[in-house]
Amino acid sequence: MTGDSPEIASDSRDLTCYRCGANAAFPDRKRCDCGEPLWFDTDAAAEAFAWPDAGTGVSRYADLLPVETGGDSRTDGGVSAAAGSTPLVRASGLDADAGCRLWLKDESENPTGSFKDRGSAVGVAWAARAGREWVGTVSHGNMAMSVAANAAGVGGSGSPRALVLVPDDISEERLAAIAQYDPELVRVAGDYGRLYRETLDADAPVEFVNSDTPLRVAGQKTTALEICEAFAAETRTRTKRAPDAIVLPVSSGGHASATWKALRELRTAGLFAAADLPRLYFVQAAACDPIAAAYRDGNDSVMPADDAGDTVAYSIANADPPSGTRALAAARATDGAVLSVPDDEILDAKATLASEAGFCVEPASATTLAGIRRLADSGELDADDDVVAVLTGTGFRELDAGSATTETVALGDLSERLRALTA
Ligand SMILES: *Cc1c(COP(=O)(O)O)cnc(C)c1O
Ligand SMILES: [Zn+2]
């Protein structure tokens with residue numbers, strides 16, 4: 001952090017509701033009276049926004065964020081300074097398979113292996129500036145690790161500690177992965193969806209940065225800001241100013257909402273026209289797809305699924321997504337869609353991303369390619385559409401990556417075996 005003053009610009013603290021337009025004050029409120037989640041009102045900042053000349057990571061887009069994540073954050077923000085600035089690569093080798101011009105946004109390059117670090121960086125920076133003793137989250141997976149790591153990385157006395165509330169039945173393996181960052185870990189027995197909501201209203205000295213809270217959504221806008229900035233730079237040689245579509249896996253709807261918010265801000269900034277607005281496609285696992293179900297049924301709001309369902313895409317199995325209705329609105333407003341894919345297609349896409357493109361991703365992230373295949377088959381995506389699949393999380397954490405067939409060659413026979421490679 002720069003300077004001595006812990007103050008937070010008050011004009012950036014106002015929240016607004018995407019649906020009814022009501023305003024509320026942060027941090028007292030996280031949700032609107034109408035029941036929908038609130039996000040930071042950035043209209044004034046967006047109007048003045050231009051692509052930055054300098055800066056890396058999440059703080060590159062500080063003008064659109066509710067808190068500075070550090071002056072020269074690469075040297076002064078702990079692990080949070082390493083969040084963001086992930087590569088966007090063209091994967092033409094998969095074009096025929098995907099049925100479009102495929103780009104991959106590699107979120108596994110974040111410090112804890114998922115895009116969650118973008119939101120955690122902003123949440124932890126805010127909590128530190130506000131002098132909060134605790135920064136909390138409700139998660140058993142990537143978000144728990146991310147909040148714990150980012151809190152561990154804030155230096156100095158008085159910096160916030162991480163409080164991580166995990167479900168009672170969490171596996172020992174996952175618990176150990178989170179525990180290495182030394183957060184305060186508490187197992188909670190009871191309904192997980194209720195726990196999520198209750199922490200947001202809790203009268204406690206903790207700033208909860210759950211999946212779709214305003215600070216997390218603000219930080220997670222930077223995924224789409226980076227994608228669009230990369231495309232804007234590419235237009236020197238290409239004709240398009242933005243991708244035709246962005247595809248991401250959706251669970252709580254936090255990242256999806258953030259992506260939509262980023263596009264709205266770029267339009268307000270005049271950085272692309274309405275006609276250039278990328279379509280947003282969100283993919284769920286068929287075993288737990290309340291948002292896709294609402295989309296299919298033409299409903300305006302998402303009803304909770306009966307239970308979480310069993311899927312290989314464990315990171316996106318939220319039966320009661322707190323920002324589901326907002327994600328649904330985002331897909332419709334951008335002419336996109338919400339769809340779901342079965343586990344066998346998810347696993348096939350995961351294998352293809354590794355064997356044909358070299359990316360080892362979580363099953364949750366592989367839903368993108370599985371979804372793109374379906375969208376291309378149904379004619380939603382064309383062969384000349386530029387489509388960005390957001391690979392949200394690394395697959396390196398998984399011990400069970402499938403089966404392998406190998407041979408063993410005696411050292412003395414190796415040169416013969418190598419010569420045979422050209423045969
Ligand atoms: C959290 C997560 C998602 C889903 O993001 P939401 O904001 O909850 O919709 C997708 N993929 C991975 C790898 C995640 O960790
Ligand atoms: Zn509202």
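This report describes the surroundings of two ligands in a predicted model.

**Ligand 1**

The shell around ligand 1 holds 14 residues, and Lys116, Asn142, Ser251, Ser252 and Thr392 come nearest.

Polar contacts to oxygen atoms of ligand 1 involve both side-chain and backbone atoms of the protein. Asn142 places a polar side-chain atom 2.7 Å from an oxygen atom of the ligand. Ser251 takes part through its backbone, where a polar atom is 2.8 Å from an oxygen atom of ligand 1. His255 likewise contributes a backbone N or O atom, at 2.8 Å from an oxygen atom of the ligand. On its own, ligand 1 has 380 Å² of accessible area, and the protein covers 96% of that.

**The zinc ion (ligand 2)**

The zinc ion is coordinated at 2.3 Å by the SG atoms of Cys17, Cys20, Cys32 and Cys34. Along the chain, these donors follow the spacing C-x2-C-x11-C-x1-C. The angles among the 4 donor atoms run from 98 to 123 degrees, and the site is tetrahedral. This assignment follows because four donors count as tetrahedral if all angles lie between 85 and 135 degrees. For reference, the ideal angle for four tetrahedral donors is 109.5 degrees.

| Residue | Relative accessible area | Class |
|---|---|---|
| Cys17 | 3% | buried |
| Cys20 | 45% | partly exposed |
| Cys32 | 10% | buried |
| Cys34 | 30% | partly exposed |

Cys17, at 3%, is buried because its value is under 20%. Cys32 also counts as buried, since 10% is under 20%. Cys20, at 45%, falls between the 20% and 50% limits and is therefore partly exposed. Cys34, at 30%, lies between these limits too, so Cys34 counts as partly exposed.

How many disulfides does the model contain? The count comes to 0 disulfides, where a disulfide is a pair of cysteine sulfur atoms within 2.5 Å.

Notes: Residues are numbered from 1 along each chain as its sequence is written. Chains are lettered from A and ligands numbered from 1 in the order in which they are written. This is a predicted model: local features need pLDDT of at least 70, side-chain atom pairs count only at pLDDT 80 or more; totals for chains, interfaces and linings use all residues. Side-chain values use heavy atoms; hydrogens and water are left out. A residue is near a molecule or strand if one of its heavy atoms lies within 4 Å of it. A polar contact is a pair of N or O atoms within 3.5 Å; within protein, one must be able to donate a hydrogen and the other to accept it, and residues adjacent in sequence count only if both atoms are side-chain atoms. Accessible areas come from the Shrake-Rupley method with a 1.4 Å probe; for residues, only the protein chains shown count as cover. Donors are N, O and S atoms within 2.8 Å of the metal (3.2 Å for Na, K and Ca); water is not among the atoms, so sites may look incomplete. Four donors count as tetrahedral if all angles lie between 85 and 135 degrees; four count as square planar and six as octahedral if opposite donors are over 155 degrees apart and all others between 65 and 115; anything else is irregular. Buried means under 20% relative accessible area, exposed over 50%, partly exposed in between (1.4 Å probe, protein chains only).
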